[in-house]
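Here is a friendly note to read alongside the structure. Please keep the picture open as you go through the points.

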Amino acid sequence: MSQPPLSGQPAKILTTFSGLVPPGSASESRLFDADRVDWNVDWQTALRRAIRSTNQLRQLLGLPLESDSRDSNEFGTFVPLEFLRRIQKGDARDPLLRQVLVTSDEQLQHSGFVSDPVGDGDALATPGLIHKYDGRVLLIASGACAVHCRYCFRREFPYGEFGGQRQKWEAAIQYVRSHPDVHEVILSGGDPLTLVDENLFELLDRIDAIGHVRRIRIHSRFPIVIPQRITPAFCDHLSSLRSRVWFVIHANHASELDATCLSRIGLLVEAGIPVLNQSVLLRGVNANEQSLVDLMTRLVDHRIQPYYLHQLDRVRGTKHFEVPIQHGLELMRRIRARLPGYAVPTYVTEQPGQPSKTPLDRI
Ligand SMILES: *Cc1c(COP(=O)(O)O)cnc(C)c1O
Ligand code: SF4
């Protein structure tokens, strides 16, 4: 098995996961109760028991149910309990909830918001490999994710057609082998950590065996969403590679960084792996001075380096998350006045055809 069952599965989990809703209980006890959940489970169990229905998510958090729960959409609700427990009950404006709750705003059409705003479809070098920038390639190791972020710029990326399948690695690896100018391979997706260790290690080893590859970068939301994915065995394998491994996590708000997640990220740091964080500037989530200062402070307090703050990519159905660039620039000025230089991320946007991400506040 190369991938756990994820998107596209029917929302059956509530009926099969009895740990949350005891039969015959009063409606208040249908609320999420962290004390009744077994937290000592492996990451695959965490994926299997993730919430896959908007109304179930609303019910567990004590929010009003919707008559049309909008779960038919391909990129449906997907929220592991490990992430759910960090959401404040009864607060529809919780910054973590807003990242994962399907709303009617997603159905709205707006001009300029399209299916592939960053031009990934055009930059495919082989199925599953994007070569946009000098010296580095992005390999779509898996199309699945540990969570479905509603603002995701790849939410409409046709993984099924282009990448995600193991056999497609073959062409990607061949491409890297035959391009001596490629010094860094970025495993992304989707989320490469949805691969089981056996397959992931095989992929890493094969890339590591290519002499001109000096660095392997892993982009993953697992350390935040399902932190138990990061194990000592996993870190050992990364440290054993000839190539230097860099790790990029993705947190948008300080409340995502709970104790469990920080201790698992600590395993990577202790293994000597540089850990960077990228965030997306999101209305209703982190688009205010204090939220950004809190996030960056929490990161550097745990030896995680803020890397990019992304302007939202204009993908269909995400306009309600957009922050005007002028406001983003103002926020950058304010946080720069309050943080050490190394805690200030680079505010970037992605423009198709450009040789790098485009910095917005460094002139
Ligand atoms: C963002 C991105 C990268 C990495 O860019 P860095 O500036 O090195 O972080 C590489 N390839 C693709 C296709 C990207 O979108
Ligand atoms: S984890 Fe990353 S790729 Fe997956 S849905 Fe979230 S933002 Fe998109």
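**Notes on the model**

1. Let us start with one cysteine: Cys152 lies in the loop between S3 and H6. Helices (H or I, at least four residues) and strands (E, at least two) are DSSP runs, numbered from the N terminus. This is a predicted model, in which local features need pLDDT of at least 70 and side-chain atom pairs count only at pLDDT 80 or more, while totals for chains, interfaces and linings use all residues. Residues are numbered from 1 along each chain as its sequence is written, chains are lettered from A and ligands numbered from 1 in the order in which they are written, and side-chain values use heavy atoms, with hydrogens and water left out.

2. Is Cys152 buried or exposed? Cys152 has a relative accessible area of 19%, so it counts as buried (buried means under 20% relative accessible area, exposed over 50%, partly exposed in between, with a 1.4 Å probe and protein chains only). Not counting residues up to four places away in sequence, Cys152 touches Phe75 and Val315 (contact means heavy atoms within 4.5 Å).

3. Cys152 also has a database record: the UniProt annotation "binding site", from an unreviewed entry, covers Cys145, Cys149 and Cys152. UniProt positions are given in the numbering used here, feature names are shortened, and annotations may be inferred rather than shown by experiment. Cys145 is found in the loop between strand S3 (136–140) and helix H6 (159–162).

4. Which residues are around ligand 2? They are Phe75, Cys145, Val147, Cys149, Cys152, Gly190, Arg221 and His250 (a residue is near a molecule or strand if one of its heavy atoms lies within 4 Å of it). By class, this shell has five nonpolar, two polar and one charged residues. Ala, Val, Leu, Ile, Met, Phe, Trp, Tyr, Cys and Pro count as nonpolar, Asp, Glu, Lys and Arg as charged, and the others, Gly among them, as polar.

5. Gly190 sits in the loop between S4 and H8, and the peptide bond from Gly189 to Gly190 is cis, with omega near 10 degrees. Most residues other than glycine have a negative phi, and most peptide bonds are trans. Arg303 has a phi near 60 degrees, a positive value in a residue other than glycine. Arg303 is placed in the loop between helix H12 (289–301) and strand S8 (305–310), and counts as exposed because its relative accessibility is 55%.

6. Now for helix H7 (167–177). Its buried residues are Trp169, Ala172, Ile173, Tyr175 and Val176. They cover an arc of only 155 degrees around the axis, so they are on the same side of H7 (the arc is that of the directions from the helix axis to the C-beta atoms). Among the elements covering them are strand S1 (124–126), strand S2 (129–133) and H8.

7. In H8, the buried residues are Asn199, Leu200, Phe201, Leu203, Leu204, Ile207 and Asp208. Asp208 has a relative accessible area of 12% and touches Ile216, Leu241, Arg242 and Ser243, not counting residues up to four places away in sequence.

8. Finally, what does UniProt list for Lys357? The unreviewed entry gives "modified residue: N6-(pyridoxal phosphate)lysine". Lys357 is in the loop between strand S9 (346–349) and strand S10 (358–359), and is buried because its relative accessible area is 19%. Leaving aside neighbours within four places in sequence, Lys357 is in contact with residues including Tyr133, Tyr308 and His310.
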